[in-house]
Amino acid sequence: MRGSIPAPGSTTARYGGNTPCVEVRCGDERMIFDLGTGARVLGEANAGAPMSGHIFFTHYHYDHLQGLPFFSPVFDPRNRFTIMGPTRHGRAVRDVIVGQMQQPYFPVTAEMVFRAQLDYRPFAEGDRHPIGEALVTALEVNHPGGNLSYRVDYRGKAVVFATDHEHGTDRDRQLEKFAHGADVLIYDAMYSEDEYRGKGGPPRIGWGHSTWQAAAKIATRAKVKQLLLYHHDPARTDVALDAIVKQVRRLRPEASAAREGQTIQL
Ligand SMILES: [Zn+2]
Ligand SMILES: [Zn+2]
């Protein structure tokens, strides 16, 4: 599971080279957060079976929506999805995500190929969207152009998906409040503090991403039960990621780095 750009190859195969896509199941309800290139794999895992649910977009950087045209369930007329996401730069979720499928960027338009029933709805910070017994809420985090983190509450359990967030502003406090007591916090840990500050490369300050050290700090202040590092740098090899997991576990023994295809049962 990598951020920013897919990173296939033998050095990233263990944690996975696809970009963000997280599925949350609450009873019969299915929620999918972002359709990065991982969405293709999720669609294939469900090949042939009917599939419906809610899809939430955090924001519209390429790595979070490029899987849409390759998410096979949208080609099946039996399927139905409610697609939700923020309005950015005056453009609603449908306009932005379908807009990537046009010449000269893409060979076919969504109108030409999508067969599932798709309902598009705006979602903004402060909105509360019940889905069956689950409740989805959102918080703006610190990322260029804006970004929503999402929280799902269901029968006393909670998961927070906070990808693409740069630490170091008062948004951290709001995120800690938003994620308070969650069972799982999936958090942007693209860099180490050294990388972030420019040791051995360009400083990454202002690029919109966080560090594994900030991940541990925010998870602890928010009193979350399990921290999952996410949005791994595409240049980070699996071996380097193992070393980061070892270090973060000194601070939080339960912490781990998200792996493609990983399932967590709560
Ligand atoms: Zn990203
Ligand atoms: Zn982004």
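Two residues count as in contact if their C-beta atoms, placed from the backbone, lie within 7 Å. Among contacts in the protein chain between residues at least 6 apart in sequence, 64% join residues at least 24 apart. The model is predicted: local features need pLDDT of at least 70 and side-chain atom pairs count only at pLDDT 80 or more, while totals for chains, interfaces and linings use all residues. Residues are numbered from 1 along each chain as its sequence is written, and chains are lettered from A and ligands numbered from 1 in the order in which they are written.

The protein chain contains seven helices and twelve strands, taken as DSSP runs numbered from the N terminus (helices H or I, at least four residues; strands E, at least two). Its C-alpha atoms fill a box of roughly 50 × 40 × 35 Å along the principal axes.

| Strand | Residues |
|---|---|
| β10 | 184-188 |
| β11 | 226-230 |

Strands β10 and β11 pair in the parallel sense over five bridges, and L185 has L227 in β11 as its bridge partner. Leaving aside neighbours within four places in sequence, I186 is in contact with residues including V22, F161, L228 and A258.

Notes. Pairing = 2+ DSSP bridges.
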